[in-house]
Amino acid sequence: MSKFTVKWGILATGGIAETFARDLWPNPECRGVKDIEHKVVAAASSSSAKRAQDFLKEVRGVEGAKAYGSYEELVKDEDVDIIYIATPHSHHYQNAMLCLEAGKNVLCEKAFTTNAPQLEALIKKAREKKVFLMEAVWTRYFPLSIYVRDIITSGKIGPVSRTSADLSMHMLPEKTFEDTHRMVNPDLAGGALLDLGIYALTWVFQTLYTTQSDPKPPTVLSTMRKYKLGTDEQTSMLLTFPPTSSRGEAHGIATTGMRTSADPDGKASAGPAIRVQGEKGEIQIYHPAFRPTRTKLVLADGTVEDKEWPQPGPGEGSGWKDGFGGSFQPEGEGQGMFWEADECAFALKEGRKEGKYESLEESLVIMRVMDEVREQNGLKYPEKIETLEYPVKL
Ligand SMILES: NC(=O)C1=CN([C@@H]2O[C@H](COP(=O)(O)OP(=O)(O)OC[C@H]3O[C@@H](n4cnc5c(N)ncnc54)[C@H](OP(=O)(O)O)[C@@H]3O)[C@@H](O)[C@H]2O)C=CC1
Ligand SMILES: O=C1OC[C@@H](O)[C@H](O)[C@H]1O
C-alpha cells in the first residue's frame, strides 16, 4: 500500500524543535500507524543556515534537506507541506502569520499566541488561505488521553462534576533561569501560566469541555504569585462550566507553579496530579500532566484499574528532566510528540483544516481564559508581542 507522505519544515532549532523532529524519525508502523510517513525536508534558524544544517544532521532530515538562515526563506519552499513552529510564545503570532500568508499548513507550539485576539486573527487567515492550523498540545493526541475521554463519554464514572489538575515543576526560578530565559522573561511571554498552566487547563478542558456535545465556555476566578520580573511563578484558577445536556454544572481547578512539585519524590507518593471526579467514581492521571504514562480508574463499586501507558519506541532518551532530575523520556521510548504529528498527517490526507481533538474554537476559548486570568492579576506583556500588527520585527 502506498503511504501518504508529509514533508515537514521546522521553524526554529531550539530544545523542543529537536525533540519533535527526532520523534518524526521512527517508522509510524512501530506504533501501529500504517498508512502515513513523515519526512523532515527543511529547517530554518534565525541564527544561521549553518545552525539549521547542523540541526538537520542531528534529527536525521532526509538526504538533500534544505537548511535556511531565515524563517522567510523556509515559508517559500514549495517542497514543504507543513511547518512546525517552535519559537517562544512571544513569536508565535508573527511566525504563524508568516507561514499562513505564504499558504502553508501550520502546527504551532503552545501557547498558541500571547492573547486571544491574535489567535482570532490567525484563525481568520488560515480560513482565508484554506490551510490547516493546529495548536501543538501534544498530550491531547496520546492514546492515554483518548482513553480518559472515552471513559467519560461512556458514562463509566457517571456525570463528571469536578476535575482538578496540577502541573507544578519545581524549578526555583531564581536558581534555574537567567532573567533572559523564555520561562521568566516578559519579552518572551514567560511565566508559568502560558508555559505550564496550559497543561492543567488542557486536562480541565479535555475532560469538562471536549467531551460534551454542547460545551459552553467557563467563567474563571484566579490568583497569581509573581516573580521579580513581573511574570507569574504560580497561578491558581477556578473554572465554572455551565450545565450541558449530559451533566450539571462542573468545576475545574487548574494550578501551576515553579516552587512546588506535583510529584516531589518522582514515585507518585503524593498521589495523582489530575483527578476527574464523577458520580460513580473517578479517573486519576499521574504527573507530568504534559506526558503522563499512568492512569488509575477507581469506581464506587470497588473496581480499581491501574494502567501504564509507555510511549512506543524506538527512541533515544531526550535527557529532558524535571527539577528533581526525573527523566521524562525513559531510554528506548519515543517522546510521544509523534501522535500529534500523525494527526496532522491524517488531517492533510483527509483535507481537514483543524485537529480532531482540539478544535480551533476550543483553543480560542482556552486562550480567552488565560487572557482573563492575566487581566484579573495585572499581567501584561510588552505591546510589541501583544499587538495584532503584522509584520513586526521582534
Ligand atoms: N510540547 C512540549 O512539550 C514543549 C513545548 N515547548 C514550547 O516550544 C516553544 C519553544 O520552547 P523551547 O524549544 O524550550 O525554547 P528554546 O529557547 O530552546 O528554543 C526556541 C528557539 O526559537 C528561536 N528563537 C527565535 N527568536 C528567539 C528569541 N528572541 N529568543 C529565543 N529564541 C528565539 C531560536 O531558534 P533559531 O535560532 O533556530 O531561530 C531558539 O532556539 C515554546 O512555545 C514552548 O512553550 C517547549 C518545551 C516543551
Ligand atoms: O511544554 C512544556 O512541557 C514541559 C515543560 O518542561 C516545558 O517548560 C513546557 O514548555
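**Salt bridges and a helix pair**

Guide: Happy to. R259 and E233 form a salt bridge, with their closest N and O atoms 2.7 Å apart. Keep in mind that this is a predicted model.

Visitor: Where do R259 and E233 sit in the chain?

Guide: R259 is in the loop between β10 (250-257) and β11 (274-278), while E233 is in strand β9 (residues 232-241), so the pair links parts of the chain 26 residues apart. E233 counts as buried at 3% relative accessibility, whereas R259 is partly exposed at 25%.

Visitor: Which residues are joined into one network with them?

Guide: Salt bridges with shared partners connect E174, R225, E233 and R259.

Visitor: And how many salt bridges are there in the whole structure?

Guide: The search finds 26. One of them joins D342 and R31, with 2.7 Å between the closest N and O atoms. D342 belongs to helix α9 (residues 338-350) and R31 to the loop between α1 (15-23) and β2 (36-44), so this pair ties together parts 311 residues apart in sequence.

Visitor: Is that D342 buried or exposed?

Guide: D342 is buried, at a relative accessible area of 3%. R31 is buried as well, at 10%.

Visitor: Switching to helices: at what angle do α5 and α10 pack?

Guide: About 165°, with the axes of α5 (residues 116-129) and α10 (residues 360-376) 9 Å apart. That angle makes α5 roughly antiparallel to α10.

Visitor: Which residues make the contact?

Guide: Among them are L119 and I123 of α5, and L364 and M367 of α10. The contact residues divide into 7 nonpolar, 1 polar and 4 charged.

Methods
Residues are numbered from 1 along each chain as its sequence is written. Chains are lettered from A and ligands numbered from 1 in the order in which they are written. This is a predicted model: local features need pLDDT of at least 70, side-chain atom pairs count only at pLDDT 80 or more; totals for chains, interfaces and linings use all residues. Side-chain values use heavy atoms; hydrogens and water are left out. Axes are lines fitted to C-alpha atoms, for helices over the stretch in contact, and angles run from 0 to 180 degrees between N-to-C directions. Helices (H or I, at least four residues) and strands (E, at least two) are DSSP runs, numbered from the N terminus. Angles under 35 degrees count as roughly parallel, over 145 as roughly antiparallel, 65 to 115 as roughly perpendicular and the rest as oblique. Contact means heavy atoms within 4.5 Å. Ala, Val, Leu, Ile, Met, Phe, Trp, Tyr, Cys and Pro count as nonpolar, Asp, Glu, Lys and Arg as charged, and the others, Gly among them, as polar. A salt bridge is a side-chain nitrogen of Lys or Arg within 4 Å of a carboxyl oxygen of Asp or Glu. Buried means under 20% relative accessible area, exposed over 50%, partly exposed in between (1.4 Å probe, protein chains only).
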